[in-house]
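Welcome! Let us take a look at the ligand in this structure and at the residues around it.

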Amino acid sequence: MTQQHTLRIATRKSALALWQAEFVKAQLMHFHPELKVELVPMSTQGDIILDTPLAKIGGKGLFVKELEQAMLDGRADIAVHSMKDVPVEFPEGLELYTICEREDPRDAFVSNSYKQLSDLPQGAVVGTSSLRRQCQIRALRPDLDIRDLRGNVNTRLAKLDNGDYDAIILAAAGLLRLEMSERIASYIEPELSLPANGQGAVGIECRSDDTLTKSLLAPLEHAETRIRVLAERAMNRRLEGGCQVPIGAYAQVSGDQVQLRGLVGAVDGSEILRAQVSGRSEDAEQLGIELAEQLLAQGADKILAEVYKGA
Ligand SMILES: NCc1[nH]cc(CCC(=O)O)c1CC(=O)O
C-alpha cells in the first residue's frame with residue numbers, strides 16, 4: 001500500500017448510516033494510521049420514497065442498490081450497511097466481506113408517556129412499519145391501534161413527539177449509536193419481540209476481487225457476531241424472506257454452541273409459529289436452514305404466501 005492510498009466508503013445520508021460509516025472509518029484509521037478514508041454520501045430510492053410502506057415499493061434492496069452501483073463503477077470501495085437491511089443475495093462481483101461487532105439487538109419501546117408495552121391503555125396508537133414488530137405486538141396486545149411509521153430515526157421520533165402516536169418501536173441499536181439512549185423507555189426482550197435477522201450488526205460489502213481492500217478490512221471482523229448473523233440470515237434465506245416480512249430470527253453464542261430462535265407470524269398476530277435449534281457454531285448456517293424447515297413444516301409457507309398476496 002502506498003502512503004496516499006484512499007479508501008472510499010459509499011453511505012446513505014441518514015444520521016444512522018453516517019454514524020455507521022464514520023465508525024468504520026475510525027476503525028480503519030485506527031488499524032491503518034497511514035490510510036486515507038473518505039465518505040461518499042448518496043441518496044437511495046429507499047430514502048427518496050418516504051411515504052409508502054416498503055413492502056409495496058420493492059423492499060429492502062432499495063437502500064443498497066445505489067451503493068452497490070457505486071462500488072461496481074469504482075466510485076467507492078466499500079459500503080457500510082445495517083445487516084438487517086442487506087438482501088440475502090449479492091450482485092455478481094460484490095460480496096459481504098466483514099461483519100463487525102453487534103450492538104444491542106433488541107427492539108426498544110419509545111414513548112413520552114408510558115414505560116412499557118403493558119402500560120399502554122386500551123386502543124393506544126403504536127407506530128411501526130415493520131411487519132415483524134406488528135405481528136408480535138398484535139399477538140400480545142390485540143387491542144392496540146398499530147399504524148405505519150416510516151422515515152429515518154429522527155423523523156420517527158419527531159412524529160412521536162408531535163403526538164401522532166402514544167408509543168413507537170425502534171431498534172435499540174440505532175438509538176444507542178446516535179446517543180439517544182434516554183429515548184428508550186424500555187427494552188423489549190426477545191421473548192416478547194424476537195429481533196430481525198442481523199439487527200444491531202453492521203456489515204461491510206466490497207468488490208470480490210479487491211484483495212487490497214479486503215486486507216484492510218480484515219481486523220474489523222467480529223467472529224461471534226458473524227456466527228450469529230450467518231445463522232439468522234440462513235434461516236431467512238431458506239424461508240425466502242425476501243423483502244419486508246413478519247420473520248424474527250435471533251441467535252446467541254455460548255462457548256462453541258449456537259442457539260437460534262425463529263418465528264413466522266401472520267401480520268394480524270392471529271397466528272405465530274416458533275421454533276428453536278442449537279448446535280455447533282461451525283454449523284451455524286445449517287442450523288438456520290434446519291430451523292426454517294421446522295417452521296415450514298408447521299405451515300410458515302402458507303402464512304408467508306398470505307403476506308405476499310397482501311403486500
Ligand atoms: N429498518 C431500518 C433500520 N435499519 C437498521 C436499523 C437500526 C440499526 C440496526 O438494526 O443495526 C433501522 C431502524 C429501526 O429498525 O428502528
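The shell around the ligand has four nonpolar, four polar and four charged residues (Ala, Val, Leu, Ile, Met, Phe, Trp, Tyr, Cys and Pro count as nonpolar, Asp, Glu, Lys and Arg as charged, and the others, Gly among them, as polar). Among the residues that surround the ligand are Leu16, Ser82, Arg133, Gln199 and Ala201, where near means a heavy atom within 4 Å.

Please keep in mind that this is a predicted model: local features need pLDDT of at least 70, side-chain atom pairs count only at pLDDT 80 or more, and totals for chains, interfaces and linings use all residues. Residues are numbered from 1 along each chain as its sequence is written, and side-chain values use heavy atoms, with hydrogens and water left out.

| Side chain | Ligand atom | Distance |
|---|---|---|
| Lys84 | oxygen | 2.5 Å |
| Asp85 | nitrogen | 2.8 Å |
| Arg177 | oxygen | 3.2 Å |

On its own, the ligand has 400 Å² of accessible area, and the protein covers 87% of this (Shrake-Rupley method, 1.4 Å probe).

Notes: A polar contact is a pair of N or O atoms within 3.5 Å; within protein, one must be able to donate a hydrogen and the other to accept it, and residues adjacent in sequence count only if both atoms are side-chain atoms.
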